[in-house]
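Welcome, and please open your viewer with the cartoon and the side chains at hand.

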Amino acid sequence: MTSAQIILFVLMGLLFFMLIWGRFRYDLVAFSALLIALVVGVVPVEQAFSGFGHPATVVIAFVLIISRGLSNSGVVEYVAGRLISTGRSLLMHISLMSAISAGLSALMNNVAALALLMPVDLQAADKEKRSPAMTLMPLSFASILGGMITLIGTPPNIIISAFREKSLGEPYAMFDFAPVGAACAVLGILFIAVIGWRLIPAERSRHDTGKELLDLEGYIAELAITPGSSVIDQRLGDLDPFAEEFDAQFLGVFRFAQRLPGLARRTVLQEGDVLVIEAIPEKIEKLRAALKLEFVSTEPGSDLLNRSDLEMREVVVPDGARATGRIANVLSVLKRNGVSLLGLSRRGSRFRDRLRLQQIQPGDLLLLLGSADSLAEVSQRLGVLPLAERGLAVLQREKALLAISIFAAAIILASFGVVYLTVALGCVVALYVLFGIVPLREIYTSVEWSVIVLLAALIPIGTALETSGGTALIAGTIVSLSAGYSAVVVLTILMIVTMTLSDVMNNTATAVIAAPIAIDIATTLQVSPDPFLMAVAVAASCAFLTPIGHKNNTLIMGAGGYRFGDYWRMGLPLEILVVGVGVPTILIFWPL
């Protein structure tokens, strides 16, 4: 191996470790790796930021903005509202929701599709008095499967198409992924609807969502003792009757910003003390009123709690949201908009430190208090998603037909080669802005910049690995280890390895690294690279074993009350099914 290859392999090894560890944001990790590669000279300076202008990066940004436009115009809500109703069996509900989710994911970003359908599914679960844990995971998996059907359905497909254009001179067309992707999606959804949901741990279905906040134990909240409170000079243990009446639990007392030892049950409460409690939202408010307490997050001297236009809103924190990694106490956007953070729930687990000192994590549920307009503004700025009906957004339903017509025209023109796909999508974005479907202020907030930075940072590193001969070395190693076996076996091995990587690291990163290896393997075997590229595209999208492999899995974790080990129960047989269906389908439509 050359010195450049050794440096790149060591750098990639560290990159993989950091991405799998997940301690730091993946975009920061990737950009740091790029800077190191530039300093040591394995990536030429003139290629440092070439990833930001790469077609794959631009297309992903455009797709995210278009997804916002389809949401703003009410297209998705119209479809869901016409097809979703209560009274169906669980099997029929999962089948229908999965089909809608997969269909939407084929034409828009699959994270956006899940975010739009998730509140619908939660409401259906609440009306049917069943746990959303039984339906959210099938919904997430179906949205991932649907993204494999088209070029714009998921970032790995866009990346694979860009690599094909670079290597063979021509990218994949809009529906070149459809034969393989649709076969995997249809059979995958059939498995999910008939068998898959039954593999979810039975414990997750034993909760009444109408009473337990979406299968979680409750929110951790803080209530301050103010002048006139009825609890002054009482012991904390004396409040047990109130705790029992409101299904709440007192977890501790803070005095002068210091936690008192244990649960402080013998402590005589004083004005200024802060009580840490756990309860569901409705009970938190009733307990506050009964004991004449105040929410700590309320500004001193404000009349926030006396306003009549207030409502409590539950939101979920997706991976990559602006709120992720920030301390609750420094979310200044809440104060600027007159919104209070009342509670935080983290996959049903407790924490004993103060609420406002907690670092917000993907999958957390936040309980916010404020006016409808303020909550809408805060949700958008923080990048969090509401778990109730999406009534906060002012939908432009009169523009739904215009929005879908513009998008459909662009897809048709791109599919027939009249207009280059990137140009077509750029025109859609421009027209959406021109007609007010996506306001100018939402253009930049619609783009998930963490993914853009991740991809833009990894592309130069991947290019350096390829030009240095590193990917050819990896490909040769895989081929030599499978010597004596047919190309079909090598194809299957590549698919399994890629799928395994995608389960523990970002699928965009997986596609960037695996795509050039796939081309080099095909070159070594002297066969067509198309089946190997298709195998990488399918495998990079299929992250079903963990909540960290795909953002959709992270998004449902808190709302469904899932544990880390819940995903593989349905995910492992689904991945085996995808390999079993994907390999022969690839060989039929993309022969060696």
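Start by selecting K292, which is exposed, with a relative accessible area of 52%; exposed means over 50% relative accessible area, buried under 20%, and partly exposed in between, with a 1.4 Å probe and protein chains only. K292 sits in the loop between α12 (281-291) and β5 (293-295). Helices (H or I, at least four residues) and strands (E, at least two) are DSSP runs, numbered from the N terminus. Look at the backbone here: phi of K292 is near 55°, a positive value in a residue other than glycine. Most residues other than glycine have a negative phi.

Before moving on, a word on what you are viewing: this is a predicted model, in which local features need pLDDT of at least 70 and side-chain atom pairs count only at pLDDT 80 or more, while totals for chains, interfaces and linings use all residues. Residues are numbered from 1 along each chain as its sequence is written, and side-chain values use heavy atoms, with hydrogens and water left out.

Now select D233, in the loop between β1 (219-225) and α11 (240-245). Its phi is positive too, at about 75°, although D233 is not a glycine. Is D233 buried or exposed? D233 is exposed, with a relative accessible area of 62%.

**The whole chain**

Zoom out for a moment. The chain has 24 helices and nine strands, and 56% of its 592 residues count as buried. Contact means heavy atoms within 4.5 Å. Of the contacts in the chain with a separation of 6 or more, 80% are between residues 24 or more positions apart.

**Helices α6 and α7**

Select residues 110-127 for helix α6 and residues 133-146 for helix α7; their axes come within 10 Å and cross at roughly 155°. That makes α6 roughly antiparallel to α7, where angles under 35 degrees count as roughly parallel, over 145 as roughly antiparallel, 65 to 115 as roughly perpendicular and the rest as oblique. The axes are lines fitted to C-alpha atoms, for helices over the stretch in contact, and the angles run from 0 to 180 degrees between N-to-C directions. The crossing of α6 and α7 is right-handed; that is the name when the near helix is turned clockwise from the far one by less than a right angle, and left-handed when anticlockwise.

Show the side chains in the contact: N110, L114, L117, M118, D121 and L122 from α6 meet T135, L136, L139, S140, S143 and I144 from α7. By class, these are seven nonpolar, four polar and one charged. Here Ala, Val, Leu, Ile, Met, Phe, Trp, Tyr, Cys and Pro count as nonpolar, Asp, Glu, Lys and Arg as charged, and the others, Gly among them, as polar.

Stay with α7 and colour it by accessibility: 14 of its 14 residues are buried. From its first C-alpha to its last, α7 reaches 20 Å, close to the 20 Å expected at 1.5 Å a residue; the expected span is 1.5 Å times one less than the number of residues.

Next, select residues 449-467, helix α18. Its 19 residues should span 27 Å at 1.5 Å a residue, and its end C-alpha atoms are 27 Å apart, which agrees. How many of the 19 residues of α18 are buried? The count is 15, so α18 is largely enclosed by the rest of the structure. Following α18 is G469, with a positive phi near 90°.

In the contact, V451, L454, L455, L458, I459 and E466 of α18 meet T508, A509, V512 and P516 of α21. That contact has eight nonpolar, one polar and one charged residues.

While α21 is selected, pick out T510 in that helix. T510 is buried, with a relative accessible area of 2%. Beyond its neighbours within four places in sequence, T510 is in contact with T498, L501, S502, M505 and A540.

**Last stop**

Finish at Q380, in helix α14 (residues 372-382), which counts as partly exposed at 30% relative accessibility. Leaving aside neighbours within four places in sequence, Q380 is in contact with R68, E442 and T445.
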